Amino acid sequence: MGTINDYRDREHWSFSAINQFLNICSLQFFFDRIARLPKAFTPVSLSFGSAFHRTCEWIGMMRKDGHQPKKADACELFHTLWGRQVAEDGEIRYDEEQDQESVSTQGRAMIGCLVDGMDPDEQVVSVNEAFAVPLVDAQGNVSDKPLVGEIDCRVSKGGKQALVDCKTSGRRWPKDQADKSLQPTVYLYAERQLYGQDIPVRFDVIVKNKTPVMEQHVTTRTVDQFHRMVELVKMSERMIQTGHFLPSEQSFYCAGCPHQVACRAWHREAARVTVGMAA
Ligand code: SF4
């Protein structure tokens with residue numbers, strides 16, 4: 001089995017690319033992945049997410065090796081990784097009333113909450129499991145680009161497996177958020193392609209309350225939902241080929257978007273191209 005970097009060597013689709021194009025903003029997708037504009041800043045959520053994810057990775061590896069990670073060690077590791085992330089990312093844009101230290105304090109509390117919430121009877125089977133599978137529609141047509149991704153963790157309890165993804169969130173998840181998310185569809189599509197089995201995805205969500213809380217949301221998918229996902233990707237490909245990139249003007253994501261300057265100029269650039277073509 002290859003690593004995620006091996007699979008990323010060739011053109012591919014991933015959950016984050018599909019989600020950015022369809023659910024975040026297709027113009028941001030264009031700026032990031034096609035024009036490859038440099039980012040004006042790194043949103044704190046991205047930097048925080050990287051340090052949090054790396055700490056979860058360590059927790060997962062410890063559990064896989066049969067150890068119960070100590071809360072103090074995990075919190076200390078987050079503090080170290082967060083410091084490294086800040087140095088690596090440079091220009092981080094913090095939310096109001098936040099700074100490096102307050103984010104570290106919050107992150108340590110959230111990691112502590114995750115360690116407290118772990119089930120000692122659950123076995124971690126794998127960590128960071130990479131996949132690359134063909135995208136096949138209901139008629140058997142195969143897309144040029146494969147679907148690539150990495151699953152945080154595969155766990156097993158009482159002979160039953162589940163794929164686990166750790167998330168942080170500023171609020172409690174609505175009841176149907178896991179059922180509506182595209183991420184389990186992508187993971188479970190790959191699971192079916194690779195192993196022919198239908199298992200659940202579980203989101204372990206740490207909510208950023210003053211005292212963080214952990215929620216678990218379990219979801220499954222049907223074959224019909226896989227077919228719908230492949231059709232969404234096919235339609236996205238057609239839209240990309242024909243240059244359908246539009247700002248998502250009232251998006252929740254605009255505040256943290258590192259391409260706000262280019263976005264504000266977008267309609268002037270588009271108008272210039274259109275007038276040029278007409279002449
Ligand atoms: S600022 Fe908002 S609309 Fe503009 S590219 Fe970014 S996310 Fe899209």
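Mentor: What follows is a set of questions about the terms used for this predicted model.

Trainee: Why are β5 and β6 called paired strands?
Mentor: Two strands pair if at least two bridges are found between them; strand β5 (residues 160-169) and strand β6 (residues 201-207) are joined by seven bridges in the parallel sense, so they meet that definition. Among the facing residues, Thr168 stands opposite Ile206 in β6, and Cys166 has Asp204 of β6 as its bridge partner.

Trainee: What makes β6 and β7 a hairpin?
Mentor: Strand β7 (residues 213-219) runs antiparallel to β6, with seven bridges between them, and five residues lie between the two strands. Within this pair, Ile206 stands opposite Met214 in β7.

Trainee: Why are β3 and β7 said to stand at the edges?
Mentor: The five strands form an open sheet with mixed pairing, in the order β3-β4-β5-β6-β7. Because β3 (123-133) and β7 each have a single partner strand, one side of each is left without a neighbour in the sheet. Neighbouring strands of this sheet are turned by 35° against each other on average, direction ignored.

Trainee: Which strands does helix α8 touch as it packs on the sheet?
Mentor: Helix α8 (residues 182-195) touches β3, β4 (147-157), β5, β6 and β7, and its direction makes about 80° with that of β4.

Trainee: How do you know that Val186 touches Leu147?
Mentor: Contact requires C-beta atoms, placed from the backbone, within 7 Å; by that criterion Val186 touches Phe15, Leu147, Gly149 and Met229, not counting residues up to four places away in sequence. Both Val186 and Leu147 are among the residues with the most contacts inside the largest nonpolar core, together with Phe78, Tyr187 and Tyr189, and that core has 49 residues. In soluble globular proteins, nonpolar side chains tend to be buried together.

Trainee: What makes up the shell around the ligand, by class?
Mentor: The shell has seven nonpolar, five polar and one charged residues. Of the 13 residues around the ligand, Cys25, Pro247, Cys254, Cys257 and Cys263 come nearest; since Cys and Pro count as nonpolar, these five belong to the nonpolar class.

Trainee: Which helices supply at least two residues each to that shell?
Mentor: They are α3 (26-34) and α10 (260-278).

Conventions: Residues numbered from 1 in each chain as written. Predicted model: local features only at pLDDT ≥ 70, side-chain atom pairs only at ≥ 80, totals over all residues. Near = placed C-beta within 6 Å. Helix = DSSP H or I, 4+ residues; strand = E, 2+ residues; numbered from the N terminus. Core = buried A, V, L, I, M, F, W, Y, C linked by C-beta atoms within 7 Å. Buried ≥ 20, exposed ≤ 12 C-beta atoms within 10 Å, placed from the backbone. Contact = placed C-beta atoms within 7 Å. Axes fitted to C-alpha atoms, helices over the stretch in contact; angles between N-to-C directions.
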